[in-house]
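Thanks for making the time this morning.

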Amino acid sequence: MSNLAVLPIVMPLIAGVLLAFFHNKLPLVRTLAKVLTIINFLVVLYVFYYVINNGSVVLETGGWIAPYGIILVADIFSITLVLTTNIIALATVFYAPLTLSKKQEEFYFYSFFFLLITGVSGAFITGDLFNLFVFFEVLLMASYGLIVLGGERVQLRESIKYVLINLFSSMLFVTTVAFLYSVVGTVNMAQIAERVGEVEQKGVLTTIAILLFFVFGTKAALFPLYYWLPKPYTVPNPVVSALFGALLTKVGIYSIIRIFTLIFVYQTTFTHDLFLWIAVFTLIFGVIGALSTNNIKLIIAYNIIPAVGFMLLGVGILNETAVSGTVYYLVHDMLIKAALFLLIGAIVHLTGTTDLKKMGGLIHHYPLLGWMLFLAALILAGIPPFSGFIGKLLLLQGALLNGEILVVIIGLLSSLLILFSVMKIFIRAFWGEENKEIQPNRKMANKLTIPAIFLLFFSVLLGVGAELFYPGVKNISAYLLDPEIYIQSVLKE
Amino acid sequence: MIQHNDLILRTTTSLIAFILFGFSIYLFLAGHSAPGGGFIGGLMTSAAILLMYMAYGNKAVSKILPINYRMLIPIGLSVAILTSVGSFLFGQPFLSHTYGYFYLPVFGEKELATAVLFDLGVYLTVVGITMTIILTIASDR
């Protein structure tokens, strides 16, 4: 028993509720939000340190023992993701006051922000399938609030789509959990894993596995379920886009990784081979989407999709190298997507347009912003020695070990096209004739770039210091591929 | 809300609203070991308040019950969170609760549980949310 596991969930929850009390006293709320985020980050850092040294922290809430009560499991995988989430929260909370209008901030932005962090952390930490659904709902409720913040016409139109697709997949989620419960008689993930193992995933269990994959695939924006994603992610404020792009789809892919390395691992010729093909199609269609538009926000939003494809690749291959590639890529992608959305948000805020054709010559006014975008593009596409390269290297190495040549070729080609799609922003917006109509505001530009630099710092560290992080990632991968450790730590038999 | 001169509605409301209030508090307290609880009690209370709004109109009821319903939401949530976090002080897992038997004047020996405090948080939040939603829609023209 240790209450450490619940702290990353309860701290932001308390912060969100506290800030709802004085939502219209802006200077106070801004300062409090920053202070509380820093405190929360430090607490999570401590829990991370504790888990790395002492192994998983398991909390049985309310004192109800393992298969009966709700279990929270802070293991090395989930706590790493929670820590990454909090790094992103730190950057966005400092960026938020710069681009949000006063009205948006007063309308409970910070409360929704903290509730979103609560939901994401909870989804990472919970060890109970039904509770995972509950935390999905918590983060979705917060995201519904954030996406309509401001209440413009286009926002309302896109948010209807977003709400409908998520309601549908949530309904399917509950139904599937009910199916699974009727077969195995439990919702505790460790016990489900144990019981599915006993019957070697025979009969209807594989069908349930595919249904669950369908649910998480919708949230994670996989082919052919990604169509809802790009537009709703471009309409809200850049801070909100950054949070969505960095966190929401990643919760979906986290659930796929967790469920399909812990529970449904006995019929891999059927399930995991299917994942491989879905991953390949996700890569291809995501990249085509990113190349098809001149709207810079949409380019970045489409770039979420091939990244999710890469992560699914590792689950499909399911050997130690590939899974460590997935874990590496997951952390890398959370950081870089947040940084990119913040940088693009800065450009849109400064120029007042999202159309690439109306920009040009921005490098004369904003050299720092330009070069940071250049760096972010290199990291995203996976140019050595940055973090994207190491993640992809591990993934493709894993694919080669299993002899999947075609997958490797498509992976490499799509990385090249990803680089092209992001470089297009740099070339068209920053080079060329400068647009005389735009009034430069260099001071604001620098302020907007600092949070992104903070994230890029961690991203570069992750790539350059790969030697340092690789053993840890390998540990996580070995841990994920051995479900027994998780089951033992929860059920303690 | 449009003012009507509904004599029957007003007369019955003054009676029924209080029965509803009383029943909602009964449901709220029964929730520990019988059907009921903070959620359903909160809904019943909102129904009573809503009935008064329908009978007497926005102006009159706002004067009788000068409550900022939107503020009830964070208040309720903090009551619920504080009771669940309170277990930290006693070194117990998150959300743990405890109970004991006490002698109360008039009522006699009764069981008192800390879970009721959590339920109180739920009750306040439900009243706050329901009334905020209904009043927002009603005052929107």
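Predicted model: local features only at pLDDT ≥ 70, side-chain atom pairs only at ≥ 80, totals over all residues.

**Where the chains meet**

Let me turn to chain A by itself. Its secondary structure comes to 19 helices and two strands, and along its principal axes the C-alpha trace spans about 70 × 55 × 45 Å. A compact globule of 493 residues would have a radius of gyration near 23 Å, and because chain A has 22 Å, the value agrees with that expectation. Of the 493 residues in chain A, 56% are buried, and among its contacts with a separation of 6 or more, 82% are between residues 24 or more positions apart.

The UniProt record, which is an unreviewed entry, places "domain: NADH:quinone oxidoreductase/Mrp antiporter transmembrane" on residues 127–417 of chain A. In the model, that stretch of chain A is 77% helix and 0% strand, with its end C-alpha atoms 38 Å apart.

How do α3(A) and α13(A) lie relative to each other? Helix α3, residues 76–99 of chain A, packs with helix α13, residues 320–351 of chain A, at an angle of about 5 degrees, and their axes are 10 Å apart. Angles under 35 degrees count as roughly parallel, and α3(A) and α13(A) are therefore roughly parallel to each other. On the α3(A) side, the residues making this contact include Phe77(A), Thr84(A), Ile88(A) and Tyr95(A), while on the α13(A) side they include Val327(A), Met334(A), Leu342(A) and His349(A). Taken by class, the residues of the contact of α3(A) with α13(A) are eleven nonpolar and five polar, with no charged ones.

That brings me to chain B, which has four helices and two strands, arranged along the sequence in the pattern α-α-α-β-β-α. The C-alpha trace of chain B spans about 55 × 35 × 25 Å along its principal axes. Buried residues make up 30% of the 141 residues in chain B, and residues 24 or more positions apart account for 67% of the chain B contacts with a separation of 6 or more.

For chain B, an unreviewed UniProt entry lists "domain: Na+/H+ antiporter MnhB subunit-related protein" at residues 8–132. Those residues of chain B are 68% helix and 10% strand in the model, and the end C-alpha atoms of the span lie 27 Å apart. From the unreviewed entry there is also the annotation "transmembrane region", which covers residues 7–29, 35–56, 68–92 and 112–138 of chain B. Residues 7–29 of chain B are 100% helix and 0% strand, with end C-alpha atoms 34 Å apart, whereas residues 112–138 of chain B are 89% helix and 7% strand, with end C-alpha atoms 39 Å apart.

Definitions and conventions:
Residues numbered from 1 in each chain as written. Chains lettered and ligands numbered in written order. UniProt positions renumbered as here; feature names shortened; annotations may be inferred. Buried ≥ 20, exposed ≤ 12 C-beta atoms within 10 Å, placed from the backbone. Contact = placed C-beta atoms within 7 Å. Rg over C-alpha atoms; globule rule 2.2 N^0.38 Å. Axes fitted to C-alpha atoms, helices over the stretch in contact; angles between N-to-C directions. Parallel < 35°, antiparallel > 145°, perpendicular 65-115°, else oblique. Nonpolar A, V, L, I, M, F, W, Y, C, P; charged D, E, K, R; others polar.
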